[in-house]
Amino acid sequence: MVLEQTGLHHAHITSHKQTTNCYSDHWRKNIPVLAKSHRVYSIDLIGYGYSDKPNPRQFGESSFYTFETWGTQLNDFCIDVVKDEAFFICNSIGGLVGLQAAVMEPQLCKGIMLLNISLRMLHIKKQPWYGRPLIRSFQNLLRNTDVGKYFFKTVATPESVRNILCQCYHDTSQVTEELVQKILLPGLEPGAVDVFLEFICYSGGPLPEELLPQVKCPVLIGWGEKDPWEPIELGRAYGKFDSVEDFVVLPNVGHCPQDEAPELVNPLVESFVARHAALSASISTAT
């Protein structure tokens with residue numbers, strides 16, 4: 001999500017297990033509230049939601065669906081659409097995109113809020129050396145055989161989506177039929193299966209602990225304490241980076257706080273943006 005000084009900008013990204021936050025509709029409980037006082041944009045990153053889905057094979061050996069690609073998209077959106085600096089409000093894998101964009105074009109980002117950022121525990125660097133060849137073989141199997149398409153077919157069903165959401169939401173009453181459909185339908189778009197397989201085989205690229213030291217803007221981290229995928233015990237370590245001004249625990253909330261507990265997240269966004277928009281204005285006046 002993207003938010004400028006008079007508004008908010010939001011970035012959405014996902015990995016295979018975070019199918020819950022790759023689409024802009026996952027911010028439907030935040031946009032109406034924040035839009036009362038800000039310009040708010042919720043983006044489908046290329047390859048996800050209802051954005052175009054170029055076939056990754058047309059790029060040969062070069063990977064197209066990377067954080068650099070999505071970071072560039074986010075920055076270009078700020079330049080071409082927002083036409084101003086912006087705040088990035090990000091969940092899960094989206095946090096890597098927001099950080100990558102801020103590192104690439106630091107003058108565009110006024111601040112980043114990270115909600116349960118993906119720690120990328122399946123990253124190749126976090127695997128033992130003896131397991132890495134096995135991981136690459138499995139990725140090749142998924143990407144280059146019918147096994148991957150079969151796997152996607154088993155995931156892209158209402159039952160599977162509902163089960164995945166019930167895993168990552170602490171309050172499962174928030175997993176409504178509306179939410180299931182909003183997550184599922186974009187995944188049935190033409191080309192979605194190739195993007196899905198490409199990304200779940202993407203075990204390289206940056207880690208959050210590599211990007212955070214490079215970020216020049218303020219960072220606020222919010223963490224649902226009941227997240228089963230990104231445990232808060234590991235997340236707390238990311239609050240110790242110099243760029244992080246605070247680490248806020250969101251009680252009794254799972255992996256997608258913006259949708260499960262918007263009553264906690266929306267005020268946090270408002271206060272973060274107001275604080276740094278005012279600080280920026282005072283610095284500009286003094287200058």
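This is a predicted model: local features need pLDDT of at least 70, side-chain atom pairs count only at pLDDT 80 or more; totals for chains, interfaces and linings use all residues.

Student: Let's start with strand β5. Is β5 mostly covered or mostly exposed, and how many of its residues are buried?

Tutor: A general idea for strands comes first: in a regular strand, side chains alternate between the two faces of the sheet. Here, strand β5 spans residues 109-115 and is mostly covered, with 7 of its 7 residues buried.

Student: Which strands pair with β5, and in what sense?

Tutor: Strand β4 (residues 86-91) pairs with β5 in the parallel sense over 6 bridges. Strand β6 (residues 219-224) also pairs with β5 in the parallel sense, over 4 bridges. Follow Ile-112 in β5: Phe-88 stands opposite Ile-112, and Ile-112 stands opposite Val-219 in β6.

Student: How many disulfides does a search of the whole structure find?

Tutor: To call a disulfide, look for two cysteine sulfur atoms within 2.5 Å. The search of the whole structure finds 0. For Cys-217, the nearest cysteine sulfur belongs to Cys-109 and is 3.7 Å away, so Cys-217 is in no disulfide. Cys-217 counts as buried, at 9% relative accessibility.

Student: And which residues line the second largest pocket?

Tutor: Its lining includes Arg-57, Glu-61, Arg-143 and Tyr-202. By class, the lining has 4 nonpolar, 4 polar and 4 charged residues, and the space in this pocket is about 260 Å³.

Methods
Residues are numbered from 1 along each chain as its sequence is written. Side-chain values use heavy atoms; hydrogens and water are left out. Buried means under 20% relative accessible area, exposed over 50%, partly exposed in between (1.4 Å probe, protein chains only). On a 1 Å grid over the protein atoms alone, a cavity is a set of points where a 1.4 Å probe fits but cannot get out, and a pocket is an open set with protein on both sides within 12 Å along at least five of seven lines; lining residues have an atom within 4 Å of a point. Grid points are joined across faces, edges and corners, and a volume is the space filled by probe spheres set on the points. Ala, Val, Leu, Ile, Met, Phe, Trp, Tyr, Cys and Pro count as nonpolar, Asp, Glu, Lys and Arg as charged, and the others, Gly among them, as polar. Helices (H or I, at least four residues) and strands (E, at least two) are DSSP runs, numbered from the N terminus. Two strands pair if DSSP finds at least two bridges between them.
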